[in-house]
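Thanks for coming, everyone. Please bring up the structure, and we'll walk through some of its parts together.

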Amino acid sequence: MAKNGEKVLGIEKDKFRAFMGKYGISVILFFMMIIIGIVEPAFRSANNMINVATQVSINAMIAFGVCLALTTEGIDLSVGAQLALVSCILGHTIVNLGWGIPAAIIVALAVSTAWGVLNGYMIAKFDMFPFVVTLSTQLIIRGLAQVISGGKAIPITNDAFKKIYSMKIGPLPFPILVLILVTVVMYILLHWTKLGRYIFAVGDNVNAAIASGVSVMQTKLAVYALSGFLAGVAGIIFTAKTGSAQSNIGVGYETDAIAACVLGGTSFSGGIATIPGVVIGIFIIGFIYNGMNMIGIDSYYQSMTKGAVIILAILFDKIMNKK
Amino acid sequence: MKKKLLSVLLCAAMATTMVVGCGAKEEEAPAASAPAAGETKEEAADAAKAGDVNGDGKIIVGYISKNIVDPFHAPINDYAEETFEAMKAEGKIDDWTGVLDGETDPNKQIDRATDCISKNCDYVIILPAEAAASDTAVTQMNDAGIKVIVVNSKTTSTDDVALGYVGPDDVEAGRMLANWVIENNPEGGKYIHCQGVIGNSAQIQRGEGMAEVMASHPEFEMVGESACEWQADKAANAASDAISKYGDELVAVICDNDDMSSAAQKTCNDAGRSDITCVGVDGNQNPLQMVKDGEMGATVLQDGPGQVGGAVTMIEACLAGETPEKEIMVPFVLVTKDNVDQYLK
């Protein structure tokens, strides 16, 4: 690979720079994996790779939604609370009301999407700051979760539901398949469709977008609705994983999601994002957690290490971009 | 062009990972079979191998903490670290995972459990964050053939699948809290209850024990039960709210832990109401200091390191080829001015 890189560096310098600017972060991921793999052989097992991919699936769903919001120069802080609400809806409908799993899932996703639509409506219609709107709605959403569950944990003993997390198709657990499917759909949506171009346009220069006939309202509604929907999917995986519905889950989950987006080159000032970048960001976060535990880094230093790795990765990316 | 480059790079990355992965398997395979062969020969001579659960010739212990930020868990984690480092130095175990941070989040604990499975652990000690939600971590490791020891609070299927359980009798702790309040306020009065995270077995059982004793004391009336999530500041707020609402009628603040009770007591003292009895469970350093300084009457000490110690004896029994006890209950101690020096470090 290094040889390949040098050749490009020698012959097509500009293209190499452009490439590193865009995908330099994947090089970081690659070296991270090699270093951890050398220090701890158990890290390299196929099993562990599948573990990490399964572990990151929850953060991935959230990160895709947050990435869309960031691209329109917004943010969605309500995603962590959405996890709790979806979890409590699932617990209440399946356990207390005895609903079937498909019905419960449809209702849970509908509710989380509706909250997304509401976020988008308030942001687009009244031109309120996304930060403030979603900061407030997350309180309401978590409050609703507490009301539904009565603050208690509802154990979901339904094996069919728990299978959503543990079921394997071939060697791959179901959450990985969801991750792959959502990644492909998100890639097509953001990079190949009209809506994707509108999202970039709104985030890049909202006035120019309006002037060229882009509906800011519809674009933002779609973005926050998708973010809500994806948080709902994350909530379903989370609940199937823990087998318990409760209102205190998902606190602070937006942090890891935002970190993954930023690592993947998503700009806070909007208009810049790539889905492959976000995927790499998600895996960097996942490998930081998993790798540090596999190596056995003292957990008191893990938080510091995580912060330092994220900052250094972004810094490295920036320097590569500037050259 | 960029896309082409990306695909070349990703392919290269994938190919390298595969080569590295396969290489690892090749070098691991003989390594794993060699000690196995040696084992059969000197089976009787090597007693330590008796406890090798997964038969890979290495004894690896995992330790999944509840978190690394609560004052109650710090000494427990420190004790685990000292103990396992010592066991590793003595050669009783080959390796341990270090203190894995559970972040008081069942999702993260399940992830740490899969990490332990990847690391080929033989024994894992887990301090669950939640009774129901953390249970997947226990069952998953059990399914992978790991012997799991649950410490501090039980998960739903602990009794069925875990090797053993070491923990406190939280119902008894709840009774001790109520009795202390009754002893100090013979005339009775109003009190509030600051709860831990709702749904946590410690919260449920301490509440149970408290309610059980208070049921036969009609002179006491509970006027508020707030979910303070083990947080000191929330308990302090609940206490100041109750003082302004009930004034002199408020006689006690019972808390599920003593981070909360010490904060509540401090709020009461600051408001000139040091007569209010605040009491909680754990025996953290700050509350103990307050007991020593006479700022707080008592605290109910939970011997956290003792619980991990119990789990270690279970592992040692397995390593010696014996069957360990299924359940160990570590008693609570009421700490007052008289015996505080014994526990304050």
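Start with chain B: of its contacts with a separation of 6 or more, 71% are between residues 24 or more positions apart. Two residues count as in contact if their C-beta atoms, placed from the backbone, lie within 7 Å.

A word on ground rules. This is a predicted model, where local features need pLDDT of at least 70 and side-chain atom pairs count only at pLDDT 80 or more, while totals for chains, interfaces and linings use all residues. Residues are numbered from 1 along each chain as its sequence is written, and chains are lettered from A and ligands numbered from 1 in the order in which they are written.

Back to chain B. Of its 345 residues, 50% are buried. Buried means that 20 or more other C-beta atoms lie within 10 Å of the residue's own, again placed from the backbone. Chain B has 12 helices and 13 strands. These are DSSP runs, numbered from the N terminus: helices are H or I with at least four residues, strands are E with at least two.

Now the sheet. In what order do the four strands of the open sheet in chain B run? The order is β7-β6-β8-β9, with parallel pairing. Strands pair if DSSP finds at least two bridges between them. β7 (220-227) and β9 (277-279) of chain B are at the edges with a single partner strand each, so one side of each has no neighbour in the sheet. Neighbouring strands are turned by 15° against each other on average, direction ignored.

Look inside that sheet. Five bridges join β6 (residues 189-195) to β8 (residues 250-255) in chain B. One example: Tyr191(B) has Ala252(B) as its bridge partner in β8(B).

Next, helices. In chain B, the axes of α6 (residues 170-184) and α7 (residues 201-214) come within 7 Å and cross at roughly 45°. So α6(B) is oblique to α7(B). Axes are lines fitted to C-alpha atoms, for helices over the stretch in contact, and angles run from 0 to 180 degrees between N-to-C directions. Under 35 degrees is roughly parallel, over 145 roughly antiparallel, 65 to 115 roughly perpendicular, and the rest oblique.

Over to chain A. There, the axes of α4 (residues 79-96) and α12 (residues 253-263) come within 7 Å and cross at roughly 130°. That makes α4(A) oblique to α12(A). Val79(A), Gly80(A) and Leu83(A) of α4(A) make the contact with Tyr253(A), Glu254(A) and Ala257(A) of α12(A).

Technical notes: A residue is buried if 20 or more other C-beta atoms lie within 10 Å of its own, exposed if 12 or fewer, and partly exposed in between; C-beta atoms are placed from the backbone.
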